[in-house]
Number of protein chains: 2
Amino acid sequence: MPVSDPSHEMNETQAALMRATYEALCKHGYANITIQRIGDEFPKSKSLIYQHHAGKDELLVAFLETMIEHFETEIPVEDSIDAREQLQSLLDHLLAPTLDEERYEFMSAMTELRAQAPHNEAYRNHFTKSDRIFHEHIADILRTGIEQGIFRSVDPDRTAELLLTTIDGSMLRRTTTEGSVDISAVRHELDAFIQCRLLVDEN
Amino acid sequence: MPVSDPSHEMNETQAALMRATYEALCKHGYANITIQRIGDEFPKSKSLIYQHHAGKDELLVAFLETMIEHFETEIPVEDSIDAREQLQSLLDHLLAPTLDEERYEFMSAMTELRAQAPHNEAYRNHFTKSDRIFHEHIADILRTGIEQGIFRSVDPDRTAELLLTTIDGSMLRRTTTEGSVDISAVRHELDAFIQCRLLVDEN
């Protein structure tokens, strides 16, 4: 999901801590992250970390929540913009054919965090919520496109489920295999789906 | 991916160990599995476990390899069967709308195992290989369908990538959220994709 500066509109200490968590996740992944290593990226007193968070997982879930809040406030669906362009731009971002190292490391850490969900309720609640929010975001784009007469009157919730599931699957595959996923192929076929299932015929 | 008796054509001890690993994974998940707990499910001497495998992860990777071998030898693509039926039956299995508890627990453990891949080369090699094998299986069905004149002459590798990515994503989402994924919706939209992208018009 879109990664951007999580520091917006937060108090400065909390923002610095979230930035440090992000840096430590990219460097060490979930498997090797520790409060100590987050502290190494944190320019303020380490005691502030323990003061606000009971442990590593509490801090990481707080980090994930911050990312969602940022996404919710910063990336609205624009009624005035062509929904097809909004959808393409979302897919361009999430199915980018190549990733720089930082983004790849961060995406890998997100896969590791997500895999805590089967045995950790706080992570499960987070990913349930984040899936719902990204589902709504995609469904909103589809609804806008239907209102704009660009998309056929499909069920936006159903179609959003397919797109979200494919996006989540692409992140899983690209972070857990040695380049075995062909992201351009996935994108090509999603574009074919959009063409034959979603777009109103122009003639 | 299909779960079935991994004991086929293996020696009895190894088969019992693979069965014990399966049982322990379903009961405890990766997060809480130990060699001791695998041993609890193993009817033979525990020393046989240590004799064959250096540790928990070596044993789990061996278990994953056994599952792949079983899949490769037991589930061929049948040239004589309607490719559309083969594809539907694969999707029926992998996108089953409900899962019994054992299958859900096993699928959750598989998500946890897969998330070891970003920092563990043996897991990454395994999932690279298993993705390739399932990709080839799906692409074979698509190629068969094209030869049978049922499917349009799409690029089977591209289309297989979309299907595999969506299947992997559905497993990830259903094991890491509190029922937030609507599997029937995903299936409905994949069927729509198959209809508009893949099937040859019958008129």
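Reader: Which helix of chain B does B:Thr66 lie in?
Author: In this predicted model, B:Thr66 sits in helix α4, residues 56–74 of chain B.

Reader: Why is B:Thr66 called buried?
Author: Buried means under 20% relative accessible area. B:Thr66 has 9%, so B:Thr66 is buried.

Reader: Now chain A. How do you know that the span of α5(A) agrees with its number of residues?
Author: Helix α5 covers residues 83–94, which is 12 residues.

Reader: Which residues of α5(A) are buried, and what covers them?
Author: The buried ones are A:Ala83, A:Gln86, A:Leu87, A:Gln88, A:Leu90, A:Leu91 and A:Leu94. Their cover includes α6 (101–114), α7 (121–147), α8 (156–176) and α9 (183–198) of chain A.

Reader: What does A:Asp82 reach at the start of α5(A)?
Author: A side-chain oxygen of A:Asp82 comes to within 2.7 Å of the backbone nitrogen of A:Arg84.

Reader: Why are the two copies said to be related as by a two-fold rotation axis?
Author: Chain A can be laid on chain B by a turn of 180 degrees and a shift of 0.0 Å along the axis, with an RMSD of 0.0 Å. The copies are thus related as by a two-fold rotation axis.

Reader: Which residue of chain A comes closest to the rotation axis?
Author: A:Gly169, with its C-alpha at 1.7 Å.

Reader: How do you know that the copies meet through the same surface?
Author: 100% of the interface residues of chain A are also interface residues in chain B, so the surface is the same.

Definitions and conventions:
Residues are numbered from 1 along each chain as its sequence is written. Chains are lettered from A and ligands numbered from 1 in the order in which they are written. This is a predicted model: local features need pLDDT of at least 70, side-chain atom pairs count only at pLDDT 80 or more; totals for chains, interfaces and linings use all residues. Side-chain values use heavy atoms; hydrogens and water are left out. Helices (H or I, at least four residues) and strands (E, at least two) are DSSP runs, numbered from the N terminus. The expected span of a helix is 1.5 Å times one less than its number of residues. Buried means under 20% relative accessible area, exposed over 50%, partly exposed in between (1.4 Å probe, protein chains only). Contact means heavy atoms within 4.5 Å. A polar contact is a pair of N or O atoms within 3.5 Å; within protein, one must be able to donate a hydrogen and the other to accept it, and residues adjacent in sequence count only if both atoms are side-chain atoms. Copies are superposed by least squares on the C-alpha atoms of residues with pLDDT of at least 70 in both.
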